[in-house]
Amino acid sequence: LNRRLDGLGTTIFAEMSALALATGAINLGQGFPDTDGPEAIREAAVRALRDGRGNQYPPGMGVPELRTAIADHQRRFYGLSFDPDTEVLVTAGATEAIAAAMLALLEPGDEVIAFEPFYDSYAASIAMAGGVRVPLTLRAPDFRPDLDALRAAVTPRTRLLLLNSPHNPTGMVLTGDELTAIAELAVERDLLVVTDEVYEHLVFDGGAHTPLISLPGMRDRTVSISSAGKTFSFTGWKVGWVTASAPLVAAVRTSKQFLTYVASGPFQYAIAEALRLPDDYFTAFRDDLQAKRDLLADGLTTAGFEVYRPQGTYFITTDIAALGEKDALAFCRSLPERCGVVAVPNSVFYDHPDAGRTQVRFASCKQHAVLAEASSRLQRLE
Ligand code: PMP
Ligand code: GLN
């Protein structure tokens, strides 16, 4: 393994999902729903397979039906216009989009500012591109970004900000004021911003997602990334996308074509249909996930965890210090044996692990009965 990948080892999601399989514990670790997405969309994938659409290499930018559906979705929800031919790129999930963006936009030694705790592929993607990660620590209990610290973190070597809102694992959602301040800073310091918006449809309590690219000065300096995995509960299909200016899309496409070239042929047609589902689908999905958040948050609170109530995503970050625990990784490794539940330690998502030493993340994207059972098992913790 080269030095760039030192310390990246096996992802925590693989480790914890393997532990769930080996022990038969309820898996509230890796973030995937235990109910597949809409039947009509599964049928659409079957039809595409059967009718021979996408069984051979699709076009490098993605099939036109999907690119148009992505552009229409950006207009429907955010009033944004993208040219489906030059400003939309289909990727193998958001993961590939993030990696391709880092490989396309970074010179070795360029600094990338990212919130910590961060989704683990950020560290790997920045490292593979030879970039230098500059973490901006989000702190409990509300995990709001410190905008003065962000401003102070920008140096002449800063190339881009890699942002994620709604934020995994904390559930923090950037406010309008925060987005404005970030946009002003990006314009002032001439920074690119890559935004990971995979939880765009999971903002709770009446809030709404605002893409950074919609703010003044951001249209030509933002690479917006999203994915069908979370919004439509098809994490295994790996259909993601980039929307950005034509030059930025062309840059990301250049590296993307040598990573996978293309992916997910028939699924691209099915996701084109998913993106055209009526508004009711999106609100019902969000309301269901909000109810699940509430159910699990209550169970965790009763079990003695300190719960940081998320504003979005399908994760709940907790603190286990209140339970007398000192180390999230050790806690998560022992949890299946102690009570038959798997969770993920946030400490591995920090460059400064002390900041998250006692933070543990639970996924709430599971059936109500499963969350109820997990909650009752967690009450057994001494
Ligand atoms: N970004 C974040 C914040 C995530 O939580 C995930 C996990 N789904 C991804 C990106 C990866 O998305 P995909 O499965 O589409 O590659
Ligand atoms: N995004 C999911 C999570 O945060 C997992 C994706 C993965 O396993 N790489 O749990």
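Across which strands does H11 lie, and at about what angle does H11 run to E10?

1. Basis of the note. This is a predicted model, in which local features need pLDDT of at least 70 and side-chain atom pairs count only at pLDDT 80 or more, while totals for chains, interfaces and linings use all residues. Residues are numbered from 1 along each chain as its sequence is written, and chains are lettered from A and ligands numbered from 1 in the order in which they are written.

2. The opening question. H11 lies across E9, E10 and E13 and runs at about 15° to E10. Helices (H or I, at least four residues) and strands (E, at least two) are DSSP runs, numbered from the N terminus. Axes are lines fitted to C-alpha atoms, for helices over the stretch in contact, and angles run from 0 to 180 degrees between N-to-C directions.

3. Where the domains meet. In domain 1, 34 residues are in contact with 37 residues of domain 2, two residues being in contact if their C-beta atoms, placed from the backbone, lie within 7 Å. On the domain 1 side, helix H11 (279-302) and strand E10 (315-319) each supply at least two residues. H11 gives the most, with six residues. By class, this side of domain 1 has 16 nonpolar, 11 polar and seven charged residues. Here Ala, Val, Leu, Ile, Met, Phe, Trp, Tyr, Cys and Pro count as nonpolar, Asp, Glu, Lys and Arg as charged, and the others, Gly among them, as polar.

4. The four-stranded sheet. An open sheet has the strand order E9-E10-E13-E12, with antiparallel pairing; two strands pair if DSSP finds at least two bridges between them. Strand E9 (306-308) and E12 are at the edges with a single partner strand each, so one side of each has no neighbour in the sheet. E10 and E13 are joined by five bridges; among the facing residues, Thr318 has Val360 as its bridge partner, and Thr317 stands opposite Arg361. Strand E12 (residues 344-345) is joined to E13 by two bridges, and Val344 has Arg361 as its partner.

5. Burial of E13. In strand E13 (residues 359-363), five of five residues are buried. A residue is buried if 20 or more other C-beta atoms lie within 10 Å of its own, exposed if 12 or fewer, and partly exposed in between, with C-beta atoms placed from the backbone. Both faces are covered, with Gln359, Arg361 and Ala363 on one side and Val360 and Phe362 on the other.

6. Asp319. This residue is found in strand E10. Asp319 counts as buried because 20 other C-beta atoms lie within 10 Å. Leaving aside neighbours within four places in sequence, Asp319 is in contact with Ala140, Phe305, Glu306, Thr358 and Gln359. Asp319 and Tyr308 are 11 residues apart in sequence and 7.9 Å apart in space, C-alpha to C-alpha.

7. The seven-stranded sheet. A second open sheet has the order E2-E8-E7-E6-E5-E3-E4, with mixed pairing. Strand E2 (88-91) and strand E4 (132-137) are its edges, each with a single partner strand, so one side of each is left without a neighbour in the sheet. Neighbouring strands are turned by 20° against each other on average, direction ignored. E2 pairs with strand E8 (residues 240-243) in the antiparallel sense over four bridges, and Val88 stands opposite Thr243. Helix H3 (residues 64-78) packs on the sheet, touching E2 and E8, with its direction at about 115° to that of E2. Helix H9 (residues 246-256) also packs on the sheet, touching E2, strand E7 (222-227) and E8, and its direction makes about 25° with that of E2.

8. Ligand 1. This ligand is surrounded by 14 residues, the closest being Gly93, Ala94, Thr95, Asn168 and Ser227. A residue is near a molecule or strand if its C-beta atom, placed from the backbone, lies within 6 Å of it. Helix H4 (93-105) and helix H8 (228-231) are the elements that give two or more residues to this shell, and H4 has the largest share, three residues. The shell divides into three nonpolar, nine polar and two charged residues.

9. Ligand 2. Around ligand 2 are Thr11, Phe13, Gln30, Gly31, Tyr119 and Asn168. This shell has two nonpolar, four polar and no charged residues. Asn168 is listed for ligand 1 and for ligand 2.
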